[in-house]
Structure formats: C-alpha cells, structure tokens
Amino acid sequence: MKRRWIIIPLAAVVVVAGYAGFHFLESAVHTGSLPAEAEITGARESVTLSPEKSEAAGIHTEPVVTKELRPQRMVPGRLDYNATRHVQVKSPFNGLIRRIDVKVGDRVTEGQVMAVVDSPDLGERRADVFQRVTDLQQATNEHDWWHSIQANVDELVARLKESQESLPADKDEAEKIEKDFADKPLGDYRQQVLGAYSRMCLDAQLSTNIKSAAASGAVAGRAKLELDTARDTSRAKFLAVCEQATFDVKQTHIKAESAMKDAERRLAVARQRLDLFVGQTHDEPVDSTSEAMLSTWPVKAPFTATVEEVLFAPRERIQMGEGLLQIADASRLWVHADIREKDWSALSITPGQQISVQTPALKGETLDATVAFVGRTVAPETRAVPLTADIDNQAGLLRPGMFVRVLLPDGKPRKCLAVPQSAITANEGRTFVFVETGEREYHPRDVKTGLSVEPWIEIVSGLEAGEKVVTKGTAILKAELLLEPED
C-alpha cells in the first residue's frame, strides 16, 4: 500500500533520516508551534513503533500520580551576596602594611592570615598589657606570700599560747615548736613571737627555781619578788607580741589581696582597651606575643571565602577604617524579590518556608530557597514588599547579579492527578498525551489540564491514576501520528 505524506518536508526528513531533527521537533511540539500543515485530521488512532524506531526515539514513560500541588505566583528576583558573608576587611588602626599574603581569586579559610600591618599605637597598647601582666604577677606573688605567713603565724601563736599554760614543766617545748616551724615562712614574726616566748619561758623557769631557795631562806624574799615580777612581765609582753603579730599580718594580707585585685582590674581594662582598639576580641593572650612583634597585627579571614579585591600593596600606609581586602563566600546567596500589589495574595509566606527559584542560566531546573525575611512595610518608591531568601550555591552555578524567577505559594495545596509537564503535547488548539497501551504502542488521548507547578501539571480530565504516559520522545510519536496511509 502506498503512503502519502501530509506534513511539511521537514517532518518527512526527520522520520526517514532516523529522527535527526528530533530535538527541534520536540521543542516545536511542546510549544504548540507546529506549522498549520501538521494537522491530525484523519490520523491514526494509535502509534506502534518498531524496535529500531523505539530505541532511536528514547521513549520514556511515567505513571499518572496523585500529588499535592499548590498554586504559585511568579515574581521577578535577583541574586546577591549574603550580606553577612560579603565583607570588606578594614584596618582597625593607622599603620604600615608589612606584607600581603593573598591575591585576587585565592580561597582563604577562617582564621588564615591574609596580611600583616605594623602600628606603633598597637605596640603601645600591647606593651601596656604586658606591664599589667607583670604587675599582676607581682601582686599575686605578694598576696600568696602574706597569705601563707598569716596562716603560719596564726598556727604558731595558737601553739605557743597552748604550751605556755604548762610552763615551766615542759622545758623543751620552745625548741620543739621552733623546729616544727623551721621550714614554714613567718617573716619577721618568727623572731618577734619566738623571742618573746623564749624570754617568757626563761623567766618562768627562774621564778620556779628561786621559789624553793626563798622558802629555805637561802635567797632573800626581795629577789624572789623581782623574779616573779619579771615572769609576769615577760608573759604579758609575749601575749602582746602575739596579738600585735596576728593583727599586723592580717592587715598586710588584706592589703596584698586588695593590691592583687586592683592589678587584675587594671589588666582587664588594658586588655579591653586593646580589644576596642583592634576592633575585635583579643583571641590570644598578649603575653604569648613576642615583644619584638608587639606592633604587628595579623589580618585574618573572618570566615572561609574567596578574595575578590586587594585594595593596598605592601609598604603602603593605611588609615584606620580603610578597606584592605574584599572577601566573599558565595556558597550561599540571597534571593531578593519585590512583591507588588497584584501579588500580595502571596504575602502569607513566612520566614523558614521553602520557595522555588528558576533562572534562565539553568534551564529546566527548579531550585529550593528558604525565606529569611519578609518586609512589613511597603516601599513608597516601588509599592512593593521586599522578600529575601537564602539559596544554596555549593555547586557554584549561580552568580550574584543574576535575574531569577521566584515562585511564591499562593493559596492552599490541593490533591489532584498530575503528570510531568513534558508529557503534554499541543497542536492546533488540541491538548493531548500519549498513553502506553501495549508493547511500543501509544494512543493519543485528549486531556484537560489545570494548575501548573514546575515540573508537574494537573490533569482535570482524560486520565486515570496509574496509566503510563510518555514523557520523553513525544515529538517522534507525534510525527508518526501525522503519517496517514493512502487508500
């Protein structure tokens, strides 16, 4: 049986030449832009492909599924740097640039030294911190010294007062106590307290010895009286020395403690002044810095990023607040969009919600972004509400400045039958899909579509769940469908 061609010559070339113009024709089918001559009038009810044609067409099918689709509104947007990850690193003080260790395009990690700046003002503040560290160390040593002396004096006085109650029975007590405290710091109080105690012990012994001699008449009573008086006097002097020593050492300890705390405060103030001067928290103790490098300041990367601009050269002078380097981390970008009055029905979106983003640079791809901010005020210039979302760019395919389409949820989601948008074919006002009815056999079926949400489209009528529709290779099937056998 002879066949007659009712399609323009291009379609015949596609079929006869093994579908060489497949991609062009597929695009034309999906956009409904086939020439008027490509009518389906009188076409076959189904298309059956040979194994060779089926393999060449790359036919792919997917089942009709039930999905939850939500209406969307498309608003224009643009990509920009994340403002918190795009910074100009500035000099915190006047100085001279000693060296620059990076160049434009270099990848730097958080904490990496990018440049070194010399500043005499920084050296003075660091030297002040050094001095305060030394003062604190001295004050701490003195405090610890007097703290130890006070504890030892208190212990010594308690021991001596306890032992003097048994005098003169225990004649070796003074030597024993002195030996126990030989290795303990007592300062000048060792001589004062132990000297007074020894004198009291001696007078007590003399008084006891003369007592028996006076009773036998060998010694005059006046001599005994004098020795008793000396004993009582030395005892009173001993107690006075103990009281004075206890008071003095306590007062000295308090003063030492006060001086130590004052040194701590002055060191804290000096470090705060240094932190304020450099514009950040001093992340390492100043006493770990070499004194020869007191005036140098390493400029470190605040986060992992790429160097975008170097604004100075080595040996140049730089003023406080001047930008030294420009760095940016483009692994995450911001999407900015303006929601105008006609799209205000989509303003129910909230921070943390997921939205979709499309860009002509990535044709056919839909990216997810997370809403970070939705403005509460309408800008008088644009009569729009600003929206900012965070989008992942780990692959580096996006660039700040790109224009994008932002798809905002508009209304409640609803369940419906859906197929991939690539399954829909249009021709001369007719919308249909190819349904797989057998092995390499496909039947065109008219459908009524509804809501379209990338990459899905709602099927209002014409299909049932589970039926398999062609999502790839529809251009070839349409070309075959338009071939009509002659009588």
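Predicted model: local features only at pLDDT ≥ 70, side-chain atom pairs only at ≥ 80, totals over all residues.
I start with the aromatic rings. In general, a pair of such rings is described by how far apart the centres are and by the angle between the planes. How many aromatic pairs are counted here? The count comes to 4 aromatic pairs. In one of them, the ring centres of F93 and W297 are 6.4 Å apart and the planes stand at 85°, so this pair is classed as edge-to-face. F93 belongs to the loop between β6 (86-90) and β7 (95-100), while W297 is part of strand β10 (residues 296-300), so the pair ties together parts that lie 204 residues apart in sequence. As for how accessible they are, F93 counts as buried because its relative accessibility is 0%, and W297, at 7%, counts as buried too.

Now back to the two residues from my opening: Y197 and F238 make a tilted aromatic pair, with 5.5 Å from centre to centre and 55° between the planes. Since Y197 sits in helix α6 (residues 189-216) and F238 in helix α7 (residues 221-278), this pair ties together parts that are 41 residues apart in sequence. There is also a grouping of three rings to look for, as F93, F277 and W297 form one aromatic cluster.

Is F432 buried or exposed? F432 is buried, because its relative accessibility is 0% and the cut-off for buried is under 20%. If you follow the chain from F432 you reach R445 13 residues away in sequence, yet the C-alpha atoms of F432 and R445 are 5.2 Å apart in space. A384, in strand β17 (residues 384-392), can be described in the same way: A384 is buried at 1% relative accessibility, and its C-alpha is 5.1 Å from that of I339, although 45 residues separate A384 and I339 in sequence.

I turn now to the backbone. Most residues other than glycine have a negative phi. R315, however, has a positive phi, near 75°, and E428 has a positive phi as well, near 50°. Where do these two residues lie? R315 is in the loop between β11 (305-310) and β12 (317-318), and E428 is in the loop between β20 (425-427) and β21. R315 is exposed, with a relative accessible area of 56%, and E428 is exposed at 52%.

Finally, a word on the cysteines. The structure has 0 disulfides; C242 is buried at a relative accessible area of 1%, and C416 is buried at 8%.

Notes:
Residues numbered from 1 in each chain as written. Heavy atoms only, no water. Disulfide = S-S within 2.5 Å. Buried < 20%, exposed > 50% of the residue type's maximum accessible area, 1.4 Å probe, protein only. Phe/Tyr/Trp six-rings, centres within 6.5 Å; stacked < 30°, edge-to-face > 60°. Helix = DSSP H or I, 4+ residues; strand = E, 2+ residues; numbered from the N terminus.
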